[in-house]
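Here are some reading notes for a colleague who is new to this structure. Please keep the model open beside them and check each point in turn.

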Amino acid sequence: PYLPQAIRSGLAQTVTDFELLIVDDGSTDDTTACVRTFHDARIRLLGHAERLGQTRSLNRGLQEAQGRYLARLDADDVCLPERLERQMQYLEEHSEVAVVGTRMVGIDECGRRVDYFGKPLSDFGTFVGRLLSGVCPIGHPTVMCRRPVIAQLGGYDECYRIGQDYDLWIRFAMARFRA
């Protein structure tokens, strides 16, 4: 039910030069029809005839993506209009950083704020420390990373049905990429 709002938030970004890949993982609802109601050349719908699961779907998106940066958004999330612009600007100004994320605001069905998630992450030590203590340091739906870096790491490990992001952040840290 939240997909239209997620798509609208993606299309309403202050930067306009991007592609919005939507991976439909063999859904049996009206996802494809919903996506097709948006007439925007930036949208590219990637469909699977059968369910492959989230991790394989994420990797399909990575393989199909053409931009310098990759940003993540789930079907039940929305992002603020300046998200992509601010994350791209940060990555442009900080070549040593491979991945950025933001804090998250939990909202209810009416869009009311109900909670805040995430803590600032400003150095490599904090990144590694959170990983070692079992805390996921970056909210997956808030991520933007450099496409060559995630390609170098081989994308998401398809052995993981859940927690694939945590595994990826561990591999980022082991390769000494900063977040």
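1. **The main core.** The largest nonpolar core has 22 residues, and V99, F127, W169 and F172 touch the most other members. A nonpolar core here is a set of buried Ala, Val, Leu, Ile, Met, Phe, Trp, Tyr and Cys residues joined through side-chain atoms within 4.5 Å. Two or more residues come from each of α3 (54–64), α5 (124–132), α6 (147–152) and α7. Helix α7 gives the largest share, four residues. Helices (H or I, at least four residues) and strands (E, at least two) are DSSP runs, numbered from the N terminus.

2. **What you are looking at.** This is a predicted model, in which local features need pLDDT of at least 70 and side-chain atom pairs count only at pLDDT 80 or more, while totals for chains, interfaces and linings use all residues. Residues are numbered from 1 along each chain as its sequence is written, and side-chain values use heavy atoms, with hydrogens and water left out.

3. **F127 and its surroundings.** Which residues does F127 contact, leaving aside its neighbours within four places in sequence? They are L121, P137, I138, W169, F172, A173, F177 and A179. Contact means heavy atoms within 4.5 Å.

4. **A second core.** There is also a separate core of 17 residues. Its members include V15, L20, V35 and V100. In soluble globular proteins, nonpolar side chains tend to be buried together.

5. **Aromatic pairs.** A search of the whole structure gives three aromatic pairs. One of them joins W169 and F172, edge-to-face, at 5.5 Å centre to centre and with 65° between the planes. Rings of Phe, Tyr and Trp (its six-membered ring) pair if their centres lie within 6.5 Å; planes under 30 degrees apart count as stacked, over 60 as edge-to-face and the rest as tilted. W169 and F172 are three residues apart in helix α7 (residues 164–174), so about one helical turn separates them. W169 is buried at 0% relative accessibility. F172 is buried too, with a relative accessible area of 0%. Buried means under 20% relative accessible area, exposed over 50%, and partly exposed in between (1.4 Å probe, protein chains only). Ring pairs also bring in F177, making a cluster of W169, F172 and F177.

6. **Helix α1.** Look next at α1 (residues 3–11). Its buried residues are L3, A6, I7, S9, G10 and L11. These pack against β1 (20–24), α2 (31–36) and β2 (43–47).

7. **Salt bridges.** The structure holds nine salt bridges. Each is a side-chain nitrogen of Lys or Arg within 4 Å of a carboxyl oxygen of Asp or Glu. R42 pairs with D40, with 2.8 Å between the closest N and O atoms. Here R42 is buried at 19% relative accessibility, while D40 is partly exposed at 23%.

8. **Bridges across the chain.** E64 forms a salt bridge with R44, the closest N and O atoms being 3.1 Å apart. This pair links distant parts of the chain: E64 is in helix α3 and R44 in strand β2, 20 residues apart. E64 is partly exposed, at 27%, and R44 is partly exposed, at 25%. E92 and R68 meet in another salt bridge, 2.7 Å from N to O. E92 is partly exposed at 47%, whereas R68 is exposed at 55%. Salt bridges that share partners join E19, R44, R60 and E64 into one network.

9. **The loop between β3 and α4.** D74 lies in this loop. Is D74 buried or partly exposed? D74 is partly exposed, with a relative accessible area of 22%. Leaving aside neighbours within four places in sequence, D74 contacts A6, Q54 and P141. D74 and V99 are 25 residues apart in sequence and 17 Å apart in space, C-alpha to C-alpha. V78 is in the loop between β3 (69–71) and α4 (83–93), and V78 is partly exposed at 38%.
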